[in-house]
Amino acid sequence: MEESASPSGSPAGHSVSRWRLILGEAAQKQLEGMNGAGGLHLTEEEAIMDAALAAIYDDTTEDAPSTGGGSGGGSGGRAAGRGRGSVNLSRWLGDVRSLFSEDVVSIIQNDAIERRGWKQLLFEPELLASVKPDIQMVGTLMALKGKIPEKTKDTARMLVKAVVDELMARMKEDMRRAVTGALNKRQHTPLPSLSGLDWKRTIQRNLKHYNVERRILIPERFYYFDRARRSKEWTVILDIDQSGSMADSVIWASVTGAIFASMPALDTRVVVFDTEVVDLTEQCADDPVDMLFGIQLGGGTDINKSVAYCENFIEDPKKTLFIMVTDLYEGGNQSALVRRMREMRESGVRTLCLLALSDSGRPFYDERLAKQLSRDGTPCFACTPGMLPELVAGALQGQDMSALADKLTAKKG
């Protein structure tokens, strides 16, 4: 919560007023006693903050919010939470955005939808345009996309695009640099070809062989580019669990898939699953926003079925990276899944299981299945977006993925 002036101007008064905003009107009398003879009086700004918080966090039943006139945003305690009229969402959004920090605004907006069911925030273009776009809001839009009115869809798409563009900007260069660096370490070949000669590297590596008397460079070794490796050198398969609990991970994985798809050296496949399997490779390559609107959050989970589908794209196992993004709560054939992943790993495929791909905290997942897969050579761990480029580079370079995963997890901690 942002700082605000205390009613009394004293540090003690400021502290008590902050507790009053946190605890609500029910704590007014107890806190007045703590504040001494002067009592406890909220400033006008604090009263507006109090009303905005009351609309969401009061334990009383709230009337349906309105988009027109109403009582929300006035002064005087928890009135908005006591049914004194419907909350004016436009005014409420304005109060929240002007009085709280961006991080707090995101939390309050999402609580408004989840605790109060204020889906009107997403159904009116004018209101949706006022919402601060963030990854949680995109997850909510994905879950409700079938219910969003036609008049609001363009606004919803603009909000999703704003978040996707932000995530792409945050991750794209690091991922490109990591993949390019990993492949460049493997790009030279001893097969002679003048058109493929890497002049810069050849000169740099042979400077010590410069003949001063003759004033010429006599190379001891020549370096050539292997041009055949510049296109589709590796196959990367993203297999994404679209169950409701994986919303943040689905969004990050979709952005990652779009970045992979934009890189000529990678043949990228993007698959999402619940109890059915959907191939979104084309949408991912064309527009990650379209891909996100093609995802249906919720439903059951059949991981084994999705892995079986993804096996169809493995042509050269030793040049394939398979990344599974799931919490491993398998509703299908678990023993078949374990066997399938083991065989994939033994064939030479680099395999990873990301229990979460997000900035948020510890994921809920099937620990027993995760340990079983890890024993078979598929490391399973939560991954932040910042860790992923180094992880992908390590896989392409042939590093021990379990050791690298442990190293990155320790670094994150």
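1. A quick convention to start: contact here means heavy atoms within 4.5 Å. Helices (H or I, at least four residues) and strands (E, at least two) are DSSP runs, numbered from the N terminus.

2. Some background on the model, which is predicted: local features need pLDDT of at least 70, side-chain atom pairs count only at pLDDT 80 or more, and totals for chains, interfaces and linings use all residues. Residues are numbered from 1 along each chain as its sequence is written, and side-chain values use heavy atoms, with hydrogens and water left out.

3. Now the overall picture. The chain has 18 helices and 10 strands. Of its 413 residues, 50% count as buried (under 20% relative accessible area, with a 1.4 Å probe and protein chains only). Among contacts in the chain with a separation of 6 or more, 72% are between residues 24 or more positions apart.

4. Have a look at α9 (residues 150–184) and α11 (residues 247–261). Their axes are 10 Å apart and pack at an angle of about 55°, where axes are lines fitted to C-alpha atoms over the stretch in contact and angles run from 0 to 180 degrees between N-to-C directions. The two helices α9 and α11 are therefore oblique to each other (angles under 35 degrees count as roughly parallel, over 145 as roughly antiparallel, 65 to 115 as roughly perpendicular and the rest as oblique). The crossing of α9 past α11 is right-handed, that is, the near helix is turned clockwise from the far one by less than a right angle.

5. Which residues of α9 and α11 meet? From α9 come Val 164, Leu 167, Met 168, Arg 170, Met 171, Lys 172 and Met 175, and from α11 Ile 251, Trp 252, Val 255, Thr 256, Ala 258, Ile 259 and Phe 260. This contact of α9 with α11 divides into 11 nonpolar, one polar and two charged residues (Ala, Val, Leu, Ile, Met, Phe, Trp, Tyr, Cys and Pro count as nonpolar, Asp, Glu, Lys and Arg as charged, and the others, Gly among them, as polar).

6. Thr 235 is buried, with a relative accessible area of 12%. Beyond its neighbours within four places in sequence, Thr 235 is in contact with Asp 267, Phe 313, Lys 319, Thr 320 and Leu 321.
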